[in-house]
Amino acid sequence: MVLTEFSANRPSTMEDLLHDKRFCPQLPDHGPLAPYRSGATIDWRKMRLTFTDRRGLELQHQLYRLFRTSAPFVWGRSVRDLPMDERRRLAMVQLQHLQRERLFTYETFTERPDLAFLYYVTIGEYDMSLLVKLTVNYLLFTGVIRMFDTPDRRLAHVIEQTEVGQITGSFALTEVAHGTNVRAIRTRATYDPVGREFILHTPDFEAAKCWAGNLAKSCTDMIVWAQLYTADGRCHGVSGFLVPIRDRYTLQTFPGLVVGDLGEKAGLNGVDNGFVLFRHYRIPRENLLARFGDINATTGEYESVIASASERFALSMGPLVLGRVSICAVSQTLLAKALTIGIRYSAARRQFGPTQDAQELPILEYQSQQHRLLPHLATCVALKLFNVWFARVSGEAQVRMLRAEAIESELLLEVHIIASAVKPLCSWAARDGIQDAREACGGHGYLRMAGLADLRADNDANITYEGENNVLLQQVSQQLVSIRTRGDYGAFALMSPLGSMQFLTEYERIMQQRFVCSTVEHVKDLQAILATMDWLTAYMLERTHQRTQDLQKTNDNKFDVRNDTQIFYAKDLAIVFGERTIFKAFYDFLPTMEHGAEQRYLTRLAQLYGTTLLRKHMATLQSAGYVPASMLPLVQEAILQLLPIVKRDAVAMVDALAPPDFVLNSPLGASDGDIYTRMESEIMAGREVTGRASWWREILGTAKL
């Protein structure tokens, strides 16, 4: 996917970018937020440019302009309570509109894969349902075809038809009774050598493919994962198939299929999630995604260049890793929107004061409000910087795989480990931050117009799909312990081309360290915090490994051993590894910045994020003897000192993170801070706001029976 050409008068210097109103529009210099902006030490424009380069800014500008001026997107912002069917129709119309605009192409993706994730998260800022439909149609549907098609690209025409809107795709892996345990899915694809076709069959409703986005009403074709059987009855494992679902001109479902609608969900109701049952449904042999395994057209036998079924399975699950990378970025984006609303509202809302007659204070001035919101702001920035790095390295790995270059098994495994560790942390961080922002806005935050309820409902799906969070953490710990079990910590260097695990090669040195501190400044030292996270990860790894070894002495059942190692051991290991990876990305980014106010402020945010982690893990650190008992008061004092410093520039920081007001779509979080005028306007524009209820007679007991 590549960006369209830039305008002729594109900016060429940092100064030009700072004054380009397309990228850094003038913010209101009056109103409730003005004191915070005038008193800020940072320039929000420079902070925005810290996260995104010129090409990224241009891409965002093109999307924002489309959202603001194109009828389907303008209409999507005019009504909050559309019926489900209308939301689905609108999301489909918007998807087709994006296809016609072609702001991004596959060729640009191969050049700048990091921009693909910026494209996706910017669309997610506008509407998560639209993003999910886009992700299913391209990242999962055409992306899987590109990744797993044969070298001669026998399914290339499907990609071309999808890109011009003739095909709408879906992706079906999960079954009603099997989601996470993909190896146990029960949909079968049996090869018929006479007709040279695969016969797809669903044995019962428990094996029905479900939760597939775009399936219920709109897709024409889908990628289906099924157990591949040859005519001799042998199973060759899970493989992907391109399966026609509906006639492209009538959208009528083909015979041999039962396609249904899962109905209304807690959120994301612009996505038509559905289920499908196959009744001995035939598809051509050529519809097998056969890069790693194919059926010989002459003999009808299964052939693969990869002998190991386990390795074939691991490679076939590659697209799910990319989905997790996308969720990491999207969760951070939703968190940034919630914090924009919560912090701007807190800076504008006034309550109480030092004396009865004094002017009321903005509630952001209260320590309790700062502690409720600002650690989430530090986490949000930490996640953003992690995603900047991870989107680039994981995208580059995908590009090499798409180009059919050598399969980099160690790199793909490390991407899988990182994505599986951080995706739960990102989606949980968004969940917790959105909830605290909702509570920070009081009763007004509970109104639908605030936007926080929709953010909360839409993010909730991130916790489950593309791998349920707790199961993903099990996969992380299993891989880390597996590497450790080889007996040589040097193996972590061989398995870590991205460097996320290389620190574990220094296990002996790390475990000899202790955090000896006597001052608050020492507690805030970023190098000391990183050393603590190194130690904590190594400690949890060895503790989990030893727990596994001890259980194996009394139980040779590997399943039971793994099951009995999760709580207090394996799960905690995966979490601290993910937190350490995020903090390390933050730590590594700071020296790349130009010295100045923006670098100093991000350093304070890194300190707040780091000390919050120390406080979270204090019980383990103290019980294991890594820190003295006297450290907890120092950590608490460090957090208390950082809160007012971070508060001073919090409004400017969310200005750098926030989308335009039109996209944010919240009267509580608008850039002018005029919350009450905006609330009044939206409330009074509602239908039947001041009228009498249509059921008034029934309440008075005078209705005709």
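Axes are lines fitted to C-alpha atoms, for helices over the stretch in contact, and angles run from 0 to 180 degrees between N-to-C directions. Helices (H or I, at least four residues) and strands (E, at least two) are DSSP runs, numbered from the N terminus. You're looking at a predicted model, where local features need pLDDT of at least 70 and side-chain atom pairs count only at pLDDT 80 or more, while totals for chains, interfaces and linings use all residues. Residues are numbered from 1 along each chain as its sequence is written, and side-chain values use heavy atoms, leaving out hydrogens and water.

**Exercise 1.** Work out how helix 4 and helix 8 are arranged.

*Solution.* 
- Start with the axes: those of helix 4 (residues 54-69) and helix 8 (residues 113-126) come within 10 Å and cross at roughly 30°.
- Angles under 35 degrees count as roughly parallel, over 145 as roughly antiparallel, 65 to 115 as roughly perpendicular and the rest as oblique, so helix 4 is roughly parallel to helix 8.
- Now the contact (heavy atoms within 4.5 Å): helix 4 brings residues including Leu 59, Leu 63 and Phe 67, and helix 8 brings, among them, Leu 115, Leu 118 and Ile 123.

**Exercise 2.** Find the strand order and the edges of the open sheet.

*Solution.* 
- Two strands pair if DSSP finds at least two bridges between them.
- Three strands line up as 4-8-7, with antiparallel pairing.
- Strand 4 (209-212) and strand 7 (257-261) are the edges, each pairing on one side only.
- Strand 4 pairs with strand 8 (residues 274-278) over three bridges; Ala 212 has Gly 274 of strand 8 as its bridge partner.
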